[in-house]
Amino acid sequence: MSVREYTCVVCPNGCPLRVDVEERDGCPVVVSVLGNVCKRGEKWARQEVENPLRTIASSVPVAGGDFPMASVRTNRPIPLVKIRAVMDEIRDIRLSAPVNTGDVILHNPAGTDTDVIATRTVRAARAG
Ligand code: SF4
């Protein structure tokens, strides 16, 4: 059994959490959570220990646009263990202008059941 300390990020209270963790079959499993004022803190701690999720933000090159890059992000958090695989797929993307905010530029990367969407509009560059 090991003890991990976290600050809950679900609301501005930022409760300090003490989480007892056991290894079972090589995977961390939460045994108990202390310090949370509400149930959401316990749920967050279990998720953070047993299957941490993160939203990825990155940028991809855009050809023929009024800006050379478009910022992108996953439209929902994905498992931390999949981040490298998703980043590898994002790195291979080359877009052509126009790109609009909200465009899906990659569907289901690394089997994560998420979309990577553009978060910046890049208009086609004017000729001449
Ligand atoms: S445990 Fe509850 S009250 Fe405390 S920071 Fe988390 S969500 Fe907010």
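Two strands pair if DSSP finds at least two bridges between them; strands (E, at least two residues) and helices (H or I, at least four) are DSSP runs numbered from the N terminus. The model is predicted: local features need pLDDT of at least 70 and side-chain atom pairs count only at pLDDT 80 or more, while totals for chains, interfaces and linings use all residues. Residues are numbered from 1 along each chain as its sequence is written.

**Exercise 1.** Determine how many bridges join strand 1 to strand 2, and describe the sheet that contains these strands.

*Solution.* Step 1: strand 1 and strand 2 (residues 16–24) run antiparallel and are joined by six bridges. Step 2: within this pair, R4 lies opposite V19 of strand 2. Step 3: the open sheet has three strands in the order 1-2-3, paired antiparallel. Step 4: strand 1 (2–7) and strand 3 (27–34) have a single partner strand each, so one side of each lacks a neighbour in the sheet. Step 5: from one strand to the next the twist averages 35°, with axes being lines fitted to C-alpha atoms (for helices over the stretch in contact) and angles running from 0 to 180 degrees between N-to-C directions.

**Exercise 2.** State which residues surround the ligand and classify them.

*Solution.* Step 1: a residue is near a molecule if its C-beta atom, placed from the backbone, lies within 6 Å of it. Step 2: the surrounding residues are C8, V10, C11, N13, G14, C15, N36, V37, C38, R40 and G41. Step 3: six of the shell residues are nonpolar, four are polar and one is charged. In this scheme Ala, Val, Leu, Ile, Met, Phe, Trp, Tyr, Cys and Pro count as nonpolar, Asp, Glu, Lys and Arg as charged, and the others, Gly among them, as polar.
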